[in-house]
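Keep the structure in view as you read.

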Amino acid sequence: MNPAPTALAAGAPIRPLGHRLARWAGPTGPLSLATGLVLAALVLPPLAVLLQVSLTTVNPDGSPGALTFEHYARLFADPALYRSAWNSLLFASFATLVSLLFGGVLAWVVERTNAPMKGLAYLTAIISMGTPYILYVTAWLFLFGRAGPFNDWYRSLSGSTGILFNPYSLWGMILVEGFLWSPLVFLLLSATFRAANAEMEEAARMSGASILDTVWRISLRLAWPAILAMALFVFIRNLESFDVPVLIGTPGRINLLTTDIYLATKEVPPLLGHASAFSVVMIGIVGVLLLLYGRVSRSAERYASVTGKGFRPRPFDLGRARWAGGALIGFNFVIILGLPLVALLWTSLTPFARPIRLAAVPSLTLKNYRAVFGVASYLDLAVNTLLVAAGAATAAVLITLCAAWIAARRRAGGTALDQLATLPLVFPGIVLGVAMMELALRAPFPLYGTLWLIALGFLVRYMPYGMRYAYSGVLQIHRELEEAAGVAGAGPIGTLRRVVVPLLSPALLSGWLFIFLIAAKELSMAVLLSGPGSQVMAVAMFDLWTNGQGGELSALGLLWALLMTLFATLFYALGRRGSAGAFGR
Amino acid sequence: MSPATLQVHKLSKVYPTADGPAGGVREASFTLEPGAFFTLLGPSGCGKTTTLRSIAGLETPDAGSIRLGERVFFDAAAGVNVPLNLRHIGMVFQSYAIWPHMTVFENVAFPLRVSKQQRYDRAEIRRMVDTALDTVSLGGFQDRSATRLSGGQQQRVALARAIVRQPRLLLLDEPLSNLDAALREDMRTELKRLQQQIGVTTIYVTHDQAEALDLSDRIAVLNGGRIVQIGAPRDIYFRPQSSFVAGFVGATNLVHGTVQAGCGAEAVAPVLLADGQVLHCLFPRPAAGSARIAISIRPEAVTLTPAEAPRRDGWNRMQGVVATSGFLGNMNRYGIRVGDAVMQANTGPEAIFPVGAAVGLHFPSDSAVAVPD
């Protein structure tokens with residue numbers, strides 16, 4: 001009477017041998033294959049060319065010669081490597097500490113307490129997102145430099161002729177880099193604090209814990225994996241950082257790993273073998289750190305105590321200390337936005353660099369602005385930058401849309417696509433710059449010195465970010481919405497076009513804007529890839545700076561930052577709406 | 001299109017996990033007559049949804065075959081697997097899967113717009129969508145945004161979308177489980193009327209036995225990935241073939257005993273219980289002498305009397321003491337201690353016995369159904 005138990009005893013039915021292949025023959029197989037080919041063509045050549053150049057000699061005619069380990073041998077034999085590595089380590093560690101402490105405390109004060117002036121913190125962060133790093137660095141260099149107001153006041157107060165603070169030092173670099181990254185830390189951690197389950201804190205308070213006790217024993221412990229993951233991420237980015245090392249370190253004769261690579265390419269003739277070997281070592285270091293980061297952030301996801309309930313956590317009442325919180329927000333505004341803005345305005349209006357004094361006011365002039373508007377090449381520059389950033393962002397979003405959809409839905413080849421699209425994270429900007437330069441030099445058609453090359457470099461470098469946006473976006477779409485389209489008769493492309501893309505569009509737009517914003521201010525890669533006919537904004541600013549045209553740089557930078565702030569505001573508004581939806585408002 | 005016969009033959013699909021294969025369905029076979037309302041009923045994880053998704057083409061089975069009329073959808077041996085979008089099936093999902101970025105009209109028109117077998121012009125689409133929406137009583141909702149619909153309305157839109165191209169097969173995946181109780185009853189009636197009106201062959205997946213009994217022409221009860229019984233609702237309820245079916249479809253009392261003398265199908269024969277009592281039971285299938293069996297007695301089949309009332313002709317009588325009693329409005333529910341066991345008895349609201357009273361339990365011998373132990 002019972003169904004015969006034979007098959008049960010035999011265990012799982014035998015899967016036909018061609019089953020894995022059958023998955024590829026399924027409807028998404030061709031799309032998966034096409035996406036994989038595009039990704040591989042983008043991601044693998046830079047790696048391959050670096051390895052090849054680092055392992056071969058160069059013939060007198062420029063063609064690759066015999067296999068050699070000489071580049072690596074010379075690299076490791078040079079004591080300068082270890083000095084630079086030590087500097088890089090110090091720089092990255094302490095800068096991470098600065099941005100984490102500053103940005104983290106700020107995020108907590110803004111999200112979880114009743115401190116006043118919270119809007120100011122967001123305003124500061126948004127504007128800083130669109131502003132090129134080089135602009136910040138020059139502003140702070142002016143403020144704290146020899147001719148800057150602080151040293152100026154110090155001299156007039158103390159009567160000495162020395163300086164109080166020398167920004168051209170490792171500690172100056174650390175402070176500047178720390179402040180540069182604190183807005184991003186603030187934005188990311190405030191999302192963590194916003195999503196945290198307030199009931200856990202309320203339960204601690206109900207059990208009799210003080211605010212400090214609660215923060216120390218509950219809030220911090222819960223957020224710890226997220227903070228650790230972010231610290232590692234910021235550390236990696238600081239290790240890869242190029243702007244601050246080249247703008248402050250190089251004049252101050254403090255070399256870091258990234259500037260060593262840059263300087264090797266600037267030798268005549270360029271030491272490409274040396275730079276490539278250096279780059280491969282750098283990729284190795286970053287790769288190991290990224291593996292570590294993957295582990296930490298996975299455990300952070302396990303720990304996340306996101307609440308689905310639609311209430312906003314009740315903020316801590318700081319009592320009188322809320323004014324201290326307000327002061328911190330105010331300080332953040334002044335140091336990240338107010339002072340640099342004033343400095344830039346001042347330098348853009350003075351005919352030559354001079355301290356901020358009332359006596360200098362009559363000499364103020366709009367000459368720099370007239371120069372910016374008067375020279376047609378500045379307009380070309382802006383158009384170039386917008387084109388390259390928009391092109392790279394569009395291509396990255398399109399490719400990662402397909403890759404993320406296939407990966408998130410666990411279709412054939414999904415894991416491989418995910419890994420391919422995430423692989424470029426191992427390239428520091430300067431390293432990818434070297435790789436793209438070498439690729440372009442070998443290309444059978446003229447690629448070096450064109451905007452295409454820069455756009456291609458940006459596309460490869462920022463694809464992982466597009467992947468993250470698209471992937472988490474797909475996960476938020478209920479699977480049955482796609483299945484319903486399939487049952488209703490739509491093929492995979494139809495489903496993608498008519499259902500997935502419209503539902504994913506907020507996530508795709510956020511991803512697009514994010515890539516657009518960071519690509520528009522990227523310097524490290526562009527500085528190696530720009531030719532005379534393919535200048536972009538960050539490189540032009542870098543040239544102005546090295547030529548000593550600080551006034552024009554400030555005028556140009558202010559106008560550019562204004563434009564970018566519009567995009568950044570849009571990006572922020574979108575993200576805010578998206579997260580409001582995800583957390584049930 | 002006219003409804004067609006659906007044949008599912010030895011369908012198997014298991015999900016390999018780290019701890020060995022889990023869930024899924026094993027060797028499910030059934031044939032549906034055109035226009036039938038067929039229900040897959042079982043607890044969660046029994047394989048009913050896997051079966052439905054395999055028929056839809058959302059899952060690729062490991063083995064077996066699926067054919068609708070002349071058309072082979074899937075045949076593992078022959079290597080045939082028609083992609084889901086070419087199967088021409090209507091389906092209503094558990095979450096309804098109403099696309100939030102489209103209006104009601106666009107949601108329902110979608111299957112016509114993406115159809116590859118047949119092109120529809122603008123006027124045809126308008127006419128067919130209007131007809132489908134009228135069928136589910138949503139005429140006039142065409143331009144409403146899909147995000148501004150109640151649960152019941154979303155359900156109707158999903159149904160309209162499933163029937164708009166007059167599919168030969170309609171699949172319903174627990175469509176009522178997200179509605180509140182009152183609405184669920186209404187939609188059940190509506191669904192039955194609708195299916196009879198359009199006459200489409202329908203497969204319905206649910207874990208709710210009342211829905212299954214009310215709606216279906218035939219029911220397949222699944223457990224642990226296997227179909228354990230297929231039959232008409234009355235067969236399933238009154239002639240369960242296993243203690244699982246007896247217990248899952250409606251509440252029942254199971255009493256264990258030994259067959260005293262072998263008997264043929266549909267015969268009444270005496271069964272000896274462990275405490276020495278003898279009950280007369282209905283055997284839907286032949287039984288051998290001295291076999292161990294279980295007896296299923298529905299609580300509503302039991303009549304309670306004062307202990308001294310005599311046994312009626314053709315009935316069984318047991319003795320017990322009232323252990324619990326509950327008043328549910330339309331009935332009283334008693335727990336009666338009989339020996340070591342407690343038996344449930346549902347009586348009319350007028351039959352009142354205090355806790356501790358000695359009572360007699362009476363039930364006809366054809367309400368005591370023998371099932372394999």
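H17(A) passes H18(A) in a left-handed crossing. This is a predicted model. The axes of H17(A) and helix H18, residues 414–422 of chain A, come within 8 Å and cross at roughly 140°. Angles over 145° would count as roughly antiparallel. The crossing of roughly 140° therefore makes H17(A) oblique to H18(A). From H17(A), the contact takes Thr400(A), Ala403(A), Ile406(A) and Ala407(A). H18(A) answers with Gly414(A), Thr415(A), Leu417(A), Asp418(A) and Ala421(A). By class, the contact has 5 nonpolar, 3 polar and 1 charged residues.

Stay on H17(A), which spans residues 376–408. Helix H22, residues 492–521 of chain A, is another partner. The axes of H17(A) and H22(A) come within 8 Å and cross at roughly 140°. That makes H17(A) oblique to H22(A). What is the hand of the crossing of H17(A) and H22(A)? It is right-handed. On the H17(A) side, the contact residues include Thr385(A), Val388(A), Ala389(A), Ala393(A), Val397(A), Leu401(A) and Trp405(A). On the H22(A) side, they include Leu496(A), Val500(A), Leu508(A), Gly511(A), Trp512(A) and Phe516(A). The contact of H17(A) with H22(A) divides into 17 nonpolar, 3 polar and no charged residues.

Now move to another pair in chain A. Helix H5 covers residues 79–112 and helix H9 covers residues 170–195. Their axes come within 5 Å and cross at roughly 40°. That makes H5(A) oblique to H9(A). The crossing of H5(A) and H9(A) is right-handed. Their contact has 21 nonpolar, 7 polar and 4 charged residues.

Where does H9(A) bend? The bend is at Ser182(A) and amounts to about 35°. A proline, Pro183(A), follows within four residues.

Finally, cross to chain B. Here 31 residues of chain B are in contact with 26 residues of chain A. Which elements of chain B each supply at least two residues of the side that touches chain A? They are strand S1 (6–17), strand S2 (20–32), helix H2 (104–113) and strand S11 (226–231) of chain B. By class, the side of chain B that touches chain A has 19 nonpolar, 6 polar and 6 charged residues.

Note on methods:
Residues are numbered from 1 along each chain as its sequence is written. Chains are lettered from A and ligands numbered from 1 in the order in which they are written. This is a predicted model: local features need pLDDT of at least 70, side-chain atom pairs count only at pLDDT 80 or more; totals for chains, interfaces and linings use all residues. Axes are lines fitted to C-alpha atoms, for helices over the stretch in contact, and angles run from 0 to 180 degrees between N-to-C directions. Angles under 35 degrees count as roughly parallel, over 145 as roughly antiparallel, 65 to 115 as roughly perpendicular and the rest as oblique. A crossing is left-handed if the near helix is turned anticlockwise from the far one by less than a right angle, and right-handed if clockwise. Ala, Val, Leu, Ile, Met, Phe, Trp, Tyr, Cys and Pro count as nonpolar, Asp, Glu, Lys and Arg as charged, and the others, Gly among them, as polar. Two residues are in contact if their C-beta atoms, placed from the backbone, lie within 7 Å. The bend at a residue is the angle between axes fitted to the seven residues ending there and the seven starting there.
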